[in-house]
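Let's take a friendly walk through this model together.

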Amino acid sequence: STTEEKNAIKIQIGKNCRSVGMFYITHHGLESIIKEFQGQVELFFESSKEVKNSVKRRANNSRGWADDEYTKRKIDTKEIFDFGHKPFENLPDDAVENIMLDGYNQWPKSPDLEKFRSVMESYYKACSELASILLSAIAYD
């Protein structure tokens with residue numbers, strides 16, 4: 001895309017945000033990482049309870065796996081895996097510098113999930129970069 005085409009897209013996104021209130025992104029280039037992400041997520045949720053419990057969320061760390069959330073005082077019938085930003089990639093996940101308000105990332109250690117962490121981190125990075133581009137477009141005049 002040329003700079004002119006990119007600016008036209010930014011203008012359209014800005015208009016949609018101000019008038020319609022939404023937009024749908026296509027041709028974002030994340031198709032292959034999304035496919036990898038979905039495959040790894042399926043592998044994780046098909047894992048044994050022992051593997052998932054190894055990264056269970058705790059009172060002091062809301063990142064990891066859970067199957068015990070409540071809605072309106074009833075247990076939800078779902079499982080989740082939360083992870084997020086890690087400011088210092090060169091330090092361990094649980095280093096003080098990497099503990100965010102919601103905790104720190106936990107990763108399962110299982111031969112069946114040897115790619116899980118790298119795919120999750122790649123997906124997170126790709127989505128973060130896309131979000132930055134979209135925020136720039138939304139703010140574009």
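In which helix is Lys125 found? Lys125 is found in helix 4, where helices (H or I, at least four residues) and strands (E, at least two) are DSSP runs numbered from the N terminus. This is a predicted model, in which local features need pLDDT of at least 70 and side-chain atom pairs count only at pLDDT 80 or more, while totals for chains, interfaces and linings use all residues. Residues are numbered from 1 along each chain as its sequence is written, and side-chain values use heavy atoms, leaving out hydrogens and water.

With a relative accessible area of 53%, Lys125 is exposed (buried means under 20%, exposed over 50%, partly exposed in between, with a 1.4 Å probe and protein chains only). Its C-alpha is 19 Å from that of Leu101, 24 residues away in sequence.

Now for the core. A nonpolar core is a set of buried Ala, Val, Leu, Ile, Met, Phe, Trp, Tyr and Cys residues joined through side-chain atoms within 4.5 Å. The largest one has 14 residues, and Phe44, Phe81, Phe116 and Met120 touch the most other members. Helix 2 (31–45) and helix 4 (116–139) each give two or more residues to this core, with the largest share, 4 residues, coming from helix 4.

Asn105 sits in the loop between strand 4 (80–82) and helix 4. Because its relative accessibility is 5%, Asn105 counts as buried. Its side chain makes a polar contact with the side chain of Arg63 (3.0 Å); such a contact is a pair of N or O atoms within 3.5 Å, and within protein one must be able to donate a hydrogen and the other to accept it, with residues adjacent in sequence counting only if both atoms are side-chain atoms.
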